[in-house]
Amino acid sequence: MDFQTHISIRNLSVSYGTQQALKNISLDIPDRKITVIIGPSGCGKTTLLKSLNRLLDSVDGVKIEGHIYVDGEDIYDPKIEVTHIRKKMGLLSQKPQVLPMSIYDNVAYGPRIHNGLDKKRLSRIVEDHLQVAGLWDEVKDRLHEPASRLSVGQQQRLCLARGLAVEPEIILGDEPTSALDPQSSQNVERRLNELKSEYTVVVVTHILRQARRIADYLAFLYLGELVEHGPAAEIFQNPRDLRTRAYLTGEIS
Amino acid sequence: MRLLKDLLARRLMLFLTAVPGLLVFLMLLGLVQKSRAILALKSFSQLLFSSSWHPLRGEFGLFPFLMGTLWVTVAAMIIAVPISLLTAVYLSEYAPRFVREFAKPMVDLLAGIPSVVYGVWGVLMVVPFVGKTLAPLFGAYSSGYCVLSGGVVLAIMIFPTIIHVSLEVFSTVPNELREASLSLGATQWETVKHVVLRKGLQGITAAVVLGLSRAFGETIAVLMVVGNVPKLPQSIFDPAYPLPALIANNYGEMMSIPLYDSALMLAALVLLVVVLFFNLAARFILVRAERKAE
Amino acid sequence: MMNLRRRKIEERIFRFFMVTSTVIVLGSLLLIIGAVVVKSLPALKLSMITQTPKGGYYLGKEGGILNAIVGSLYLAGGATLLSFLLSLPIVVFLNVYAKKSSAFATWTRFSLDVLWGVPSIVYGAFGFIIMMFFGLRASLLAGIITVALLELPIMTRAMDEVVRLVPGSLKDASYSLGATKLETAFHVVVRQSLPGIMTAVLIALGRGIGDAASVIFTAGFTDNIPTSLLQPAATLPLAIFYQLGTPFPEVQQRAYASAAVLTLIILAISLGSRLLVGRFAKHRIK
């Protein structure tokens, strides 16, 4: 398989106060593939993910060193506009975070902020993205109801639609199905698979079986270090590092 | 023996626990009872809406005092609400940790300063400022003892109330929600506007209503700076005579003039009922908000 | 991109207002304490706190505010004690004996919330009604009763908030060892929440000692230190108020000094509560 790089992480180190969360990570994330980051809890997976869309910026006492290049620009360059970077990436959190507004307004939130109001265009955007997320049929008659009334599975798909509506290039998922029932989980995994033809997807998960199902590229983190990375099939069949092997066989978790 | 002690203690504590509930009733009852004398002579609406306050002649129109309370309270709220909310948002969403840790105890300190000290400061700084500097700026004449002075002092007194409750409300908004908004490329301010404030709207309303109820009942500080002239104020530079001040100022004469004490007790009753109403409203809002969140 | 500029400008404008507001709030604190302290310095002599007013004090002659300092301490002290004797049993009952969802408990808590919001002048008026009913004159006793009622909801609510936090599992552990509810209440629950209880008491004390509107009807005023409960008592807040009201600048200066003394006492109480919490926290189970 040949991979083109979309995101290039170079010597990334992140520490919270005196605790170091990520140690000198260098990783190339391939374009339009699903990259899955795995590792035991506390190994820094979420920190790595959040460093990609600069959500770490607002944490008290955080220190970030290194570079992350997306489409050639270093996203940590002080001259770069943060909202511009974040717009390129859509985030799907573990617990669906619906904004305190209607279903329609949730999806329209991003486009409204970035492009201003044009009722007809907005309605189209909302409908299109709800379709892609596979939610349109279930909500088309109640678009202006509060989003909080949806079931958890529906809420997560709403968050997906919302994230796609700002037309990102990259989708980030932080354990996106761990709060969902098996049916909804399957649904979300299916969407991610469909989306990878147009978007680069980076997912963090602790469910090994999920990684096996969806990963094209795999990165294994252990105690803040990038132990091994490469095409998923290769790593699952032939892990080179002892630690990777131990994790994959369930010895360490 | 131990069981006997337990039983006796339980009986005693039960009895004592009934006190608060009883107390509310007793207060209302007592005030109503004392107001009956004057209500027997004049109708309630007559007392409430008459502007004629001449106790020696037996005239007890409470309207100027109601209006006085209203003017001062509204002035205080107009000043206090925006400043308090902006401060709470800043401390919660923008301020670096050390600023927040430093500011929060200071706000609590503000809450601890006794009312009479606020009054002293008001006489010291606010009254001269309003009378000699501010009023002439607007082309008005004022002695400084006026609605505006009362409003300013009262506003500072309710800053801590609104700020404290608002900060608590903001802290219940989950961080992940803010992250969700930021991830979509919103600025921090947009996140505050559309997410934090919206999520906390009911809590903030309750905070404001609590501040309002505190403002209504505050006595001594306002009394010292507001002028205490029993006439309807026509502008914020005019003196006013709020209800609590009326009650506090005249307890001396109250027993020597017929019906005076009854009139003042009626005023206290009105005050109690209004404050009760606002408090209940705030609680109602908070309970509804909690229920919605489930 | 014009859109982005507008968004950034809007943020910057509101940020400016936010910082300004915070400065106003914190600034007023400094202004108030600063002004009172500065104005009080000329009149802050030892005689202020060690002497009672001599003849003509309010006209500018000798004396101090010892009457008010002692009067306030007696009154607030007595009121806080009385209030504590009511608050503790109520809080214990609500948290150890009553069922969580009992209507009685809910109604009581609701009443306490209602009472919490009642203005102090209304407590004063009610105190006056009680005085009339029992034939009491303006006195230390009447003041104590009134302020105790004022402090009751404040102390009880603060105490309840802390005692509520004692986990049910802790209480269950005690019951399963055969302890009665009473024993559990005092040996386990109260001990666990001791720092919080003390803080609640001190918060109420601070409020009680600084309040004027509740004592204006009920405690009277005098130049002497009360020697019995039935004598009128001077209080600091009223002393400040009366001194400020005279036309003599020397006496007004003393009002500022008295205000400084009152503020100092309250700050001391507040500081004391923080220190005590630290010392008594060692018994707690985290």
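Author: Ile38(A) has Phe220(A) of β9(A) as its bridge partner. The model is a predicted one, in which local features need pLDDT of at least 70, side-chain atom pairs count only at pLDDT 80 or more, and totals for chains, interfaces and linings use all residues. Residues are numbered from 1 along each chain as its sequence is written, while chains are lettered from A and ligands numbered from 1 in the order in which they are written.

Strand β3 (residues 34-38) and strand β9 (residues 217-222), both of chain A, run parallel to one another and share 4 bridges. Strands are DSSP runs of E with at least two residues, helices are runs of H or I with at least four, and both are numbered from the N terminus. Two strands count as paired if DSSP finds at least two bridges between them. Strands of a sheet pair through backbone hydrogen bonds, either parallel or antiparallel.

In chain A, β3 and β9 belong to an open sheet of 6 strands, ordered β6-β7-β8-β3-β9-β10, with mixed pairing. At its edges lie β6 (89-92) and β10 (225-231) of chain A, each of which pairs on one side only. On average, neighbouring strands of this sheet are turned by 15° against each other, direction ignored; the axes are lines fitted to C-alpha atoms, and angles run from 0 to 180 degrees between N-to-C directions.

Chain C, by contrast, has 11 helices and 0 strands. Its C-alpha atoms fill a box of roughly 75 × 70 × 35 Å, taken along the principal axes.
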